[in-house]
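Please look over the sequence and the structure shown below before reading on. The report that follows takes up charged pairs, then aromatic rings, and then the wider picture.

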Amino acid sequence: MTQWANESMFWRLWLRSLTVKRPQAALAILSVGVGAALAAMLLNLYGDARRKMTQEFRRYGANVIVAPAYPEPGGRPNISDAQAAGLSSSETIAGVMDEDVVNRVAALRNLQNGLAAVPLLNVVVRVKCRAPAPRLAEFEDVVAVGTDFAALRNLNPSWRVESRAQEGPSCAVGTHLASRLRLGPGDTVELQAMNQPPSGGEPLRGVFRISSVLSTGAFEDEQVFLPLAALQELASLSGKISLVEVSVPGETAEVERLVGELGRSLPGVDVRPVRQIVYSSGKVLDTIRWLVVSLTAVILTIIALCLTATMTAIVLERRKDIAVMKALGASDRLVMKLFLTEGAGLGFLGGLAGFGLGVELAREAARRLFDVNLSLTWWTFPAVSLASVLLVMVAAFFPVRIVRGVEPATVLKGE
Amino acid sequence: MLTRIVLESLARQRRRKLLSVAAIALGVAVATAVGTIALDVGDKVSRELRSFGANISVTPAADGLALTVGGVDYRPAASGAYLSEAALVKLKKIFWRNNIMAFAPFLSVPAEVRGRRIVLVGSWFDREMQVDKSDKFRTGLRELHPAWKVEGQWPEDGHGVECLVGSRLARALGTAVGEVITVEVAAPESGTKTRNSKNLSGAGNFEFRVRGILETGGPEDDEVFAPLETVGALAGLEGNIRRVEVSALTKPEDTFARSDLTKLNPEQFDRWYCTPYVGSIAYQIEQEIPGAKAKPVYQVAETEGRVLDRVGMLMLIFAVAALATAALAVASMILATVLERRVEIGLFKSLGATDSRVAAVFLLEAFAMSLVGGAVGYVVGSLMAWRLSILVFGLPAGAHWVILPVAVGLALLVTVVGSALPLGRGMKISPAAVLRD
């Protein structure tokens with residue numbers, strides 16, 4: 001028998017063992033298929049799920065705050081009128097920095113796609129209700145926030161805002177403030193600065209129409225939001241902001257890297273990650289990853305056990321074939337190789353079918369559960385196919401040893 | 001006769017029977033483990049999400065406008081309304097009291113340290129509260145904000161002279177753990193507040209020992225935290241608090257949770273009230289503490305709900321995958337054993353047993369095996385879930401009895417179906433052909 005004929009016979013036996021109809025082979029393919037489908041689905045879905053989760057965590061709002069470095073005593077803007085009003089300057093304006101900072105933060109956008117930076121200026125002003133019919137003729141001290149309200153809203157999608165488009169200079173007020181002053185969208189408010197303009201004279205005033213009422217459950221409910229330029233003019237603080245709220249996409253490591261980058265490029269300014277957002281979301285994501293990994297491991301172990309049982313059945317069922325092959329002079333190694341190759345073939349078939357099924361399932365799941373289009377990761381295909389083949393080989397490791405114990409004479413007697 | 005055959009059959013061929021039972025147990029164990037974790041995961045992840053901070057804030061309903069700049073309320077201490085510290089215990093008396101995980105009261109007063117204007121915040125660090133005669137509850141900032149980082153140690157509430165200094169402020173002041181800082185609190189305005197004998201010299205200086213440096217990334221980095229009693233006494237506001245932050249375990253809000261309360265009929269209202277939505281917990285707090293206004297912090301409450309939803313969906317996928325695997329495990333072993341029993345079928349038939357009689361023997365046997373396998377699998381699976389849960393969450397998973405009938409039912413179904421199919425095929429074979437082997 002030539003080497004070539006030997007090889008050819010081997011592959012003929014192999015092909016035959018795969019094509020002949022046997023429930024065990026079908027079951028083996030099914031087991032591998034389920035395992036492969038699960039692995040393909042989870043591998044493909046996991047990246048998307050993780051990205052989606054990170055996105056969900058961004059709903060907590062800004063995760064990095066850029067603020068002026070701690071003011072030195074005496075180094076603060078000194079506004080005497082505010083003191084006269086019973087508030088010290090540090091309370092009217094808690095330290096400001098140049099507006100330019102926000103551009104330099106935004107310049108890092110090429111470093112981290114999807115980075116959002118919103119400038120804010122906090123100033124205490126007096127508000128006077130000037131509704132169509134003044135119902136409450138008194139001044140109140142409130143915190144005015146100068147910002148780009150639309151951008152701030154994008155940063156905090158959980159805020160509930162009731163809006164009505166308005167002509168002219170408009171503002172947004174917190175729900176608590178609105179209910180206290182009995183104001184609603186469409187009404188006007190008059191704001192008055194607490195300090196004199198640098199040129200002297202009366203404190204500046206401004207009239208704004210309310211375009212939105214927002215409800216957050218936090219201190220924003222008691223603030224009034226103006227366009228940044230309008231508040232800068234009112235408070236005579238042109239070109240100044242109090243802080244920049246930055247939302248950095250990505251996980252803890254990426255946020256930390258960006259914080260370092262920002263700190264280097266912005267000397268004299270404090271860049272701080274908001275601990276409870278940055279570190280908590282990292283922790284929750286880690287937990288979910290552990291859960292997914294450990295559950296997948298459990299399921300794959302069970303599948304490997306199933307496969308061992310199935311392979312045992314396959315080998316036991318063919319004891320007679322083994323006896324015949326051995327009687328004809330085949331070595332144990334050759335017969336074992338035949339079974340292992342058969343297992344690999346079954347594994348590959350199961351892996352293929354499973355991968356197709358898994359990707360379909362993942363696509364459905366991604367669309368229905370996470371509202372995203374599945375982005376296929378190319379390396380999952382070779383990974384899953386290879387893993388399926390390996391899984392069967394490992395599962396067949398013990399069953400093929402049965403071959404050694406098959407005694408042709410005993411098995412074939414009586415035939 | 002039938003029972004005897006079944007019992008005998010179970011007693012003989014122990015190895016093969018054991019293998020089948022093991023298969024069923026394995027399948028059921030996986031289903032149980034994943035099912036238990038899936039049922040538990042919402043609760044567990046929800047606990048992890050608590051580190052984002054409070055999801056309900058409680059303020060006095062009659063309060064004026066807060067002057068909050070950068071998270072610090074700059075109102076003079078005497079203005080505005082207060083809640084009573086004594087009312088805090090009522091938070092643990094609402095309907096969903098067990099869902100209140102932590103809370104902390106806050107009282108901020110303007111103060112001065114080394115010529116620098118700062119905010120002195122009175123709160124609870126870590127305190128054991130007597131809810132009723134037998135029940136205690138441990139709460140405070142430490143429980144409420146597990147993400148806060150403290151360099152050094154958390155102060156003791158009882159000492160009254162220990163404080164936490166925000167990291168930015170500590171840098172500016174050049175102070176470190178173990179040092180003493182002198183805090184000067186402005187006199188309560190116009191002396192309208194009653195001063196009792198315990199008053200700590202009112203507008204005087206007070207020396208705090210820095211026990212730790214607090215880093216949060218938020219406005220707390222610029223503040224000084226001290227025990228509530230001390231701050232209250234310094235400001236002449238004993239027993240008063242400005243705000244309570246509550247961290248509650250909640251169910252993600254759905255459309256029903258947001259429905260207008262005034263439009264619900266009594267039955268719907270009961271359902272709303274008895275579901276731990278953040279809104280209904282806030283409502284119960286308002287009911288229990290008169291004069292309080294409880295508001296969900298949407299940022300936290302809503303994000304939490306969405307994250308929980310996603311995790312729940314992920315778990316659902318796993319539960320389905322686990323069920324499929326379990327069914328597969330059982331089917332693969334049953335098939336392997338039943339196919340080999342064609343000889344027995346042939347023997348029964350040659351002795352004159354009817355087809356239904358033969359089927360009854362085999363199905364009863366399968367039934368008995370699946371009961372045993374299901375029960376064992378449930379126990380093993382619960383143990384697995386328990387281990388896994390400790391590994392992943394650091395907390396054991398509770399046993400869920402709901403899963404037991406499901407697990408055993410699944411085992412029964414798969415075993416009986418799995419044996420019936422090969423059995424049907426086995427019946428068709430004529431006894432003579434099979435017995436010749």
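## Salt bridges and the contact between chains

Over all chains of this predicted model, the count of salt bridges comes to 28. Across the interface of chain A and chain B, 8 salt bridges are found. One pair is formed by the side chains of A:Glu56 and B:Arg306, which meet at 2.7 Å, N to O. This pair crosses between chains, with A:Glu56 in helix H2 (residues 23-57) of chain A and B:Arg306 in helix H8 (residues 298-339) of chain B. A:Glu56 counts as buried because its relative accessibility is 2%, and buried means under 20%, whereas B:Arg306 is partly exposed, with a relative accessible area of 31%.

A:Glu56 also meets the side chain of B:Arg310 in a salt bridge of 3.0 Å, N to O. Since A:Glu56 lies in helix H2 of chain A and B:Arg310 in helix H8 of chain B, this pair joins two chains. B:Arg310 is buried, with a relative accessible area of 7%.

A further salt bridge is formed by A:Asp221 and B:Lys295, whose closest N and O atoms are 3.1 Å apart. Here the pair crosses from the loop between strand E8 (205-215) and strand E9 (223-227) of chain A, where A:Asp221 lies, to strand E16 (residues 292-296) of chain B, which holds B:Lys295. A:Asp221 counts as buried at 1% relative accessibility, and B:Lys295 counts as buried at 16%. Salt bridges that share partners also join A:Arg59, A:Arg160, B:Glu253 and B:Glu302 into one network.

| Residue in chain A | Residue in chain B | N to O distance |
|---|---|---|
| A:Glu56 | B:Arg306 | 2.7 Å |
| A:Glu56 | B:Arg310 | 3.0 Å |
| A:Asp221 | B:Lys295 | 3.1 Å |
| A:Arg160 | B:Glu253 | 3.6 Å |

The contact between the chains takes 83 residues from chain A and 78 residues from chain B. Chain A and chain B bury about 7,300 Å² between them, and 67% of this area is on carbon and sulfur atoms.

## Aromatic rings

Over all chains, the structure holds 20 aromatic pairs. The rings of A:Phe57 and A:Tyr60 have their centres 6.4 Å apart and their planes at 10°, so this pair is stacked. Both residues count as buried, A:Phe57 at 4% relative accessibility and A:Tyr60 at 2%. In chain B, the pair of B:Phe95 and B:Trp96 is edge-to-face, with 5.4 Å from centre to centre and 90° between the planes.

## Chain A as a whole

Chain A has 15 helices and 12 strands, and buried residues make up 53% of its 415 residues. Among the contacts in chain A with a separation of 6 or more, 81% are between residues 24 or more positions apart. The accessible surface of chain A comes to about 18,700 Å², of which 58% belongs to carbon and sulfur atoms.

Most residues other than glycine have a negative phi. A:Ser236, although not a glycine, has a positive phi of about 55°. This residue lies in the loop between helix H8 (228-234) and strand E10 (240-241) of chain A, and A:Ser236 is partly exposed, with a relative accessible area of 25%.

Methods:
Residues are numbered from 1 along each chain as its sequence is written. Chains are lettered from A and ligands numbered from 1 in the order in which they are written. This is a predicted model: local features need pLDDT of at least 70, side-chain atom pairs count only at pLDDT 80 or more; totals for chains, interfaces and linings use all residues. Side-chain values use heavy atoms; hydrogens and water are left out. Rings of Phe, Tyr and Trp (its six-membered ring) pair if their centres lie within 6.5 Å; planes under 30 degrees apart count as stacked, over 60 as edge-to-face and the rest as tilted. Buried means under 20% relative accessible area, exposed over 50%, partly exposed in between (1.4 Å probe, protein chains only). Helices (H or I, at least four residues) and strands (E, at least two) are DSSP runs, numbered from the N terminus. Contact means heavy atoms within 4.5 Å. Accessible areas come from the Shrake-Rupley method with a 1.4 Å probe; for residues, only the protein chains shown count as cover. Buried area is the accessible area (1.4 Å probe) that two parts lose on being put together, summed over both. A salt bridge is a side-chain nitrogen of Lys or Arg within 4 Å of a carboxyl oxygen of Asp or Glu.
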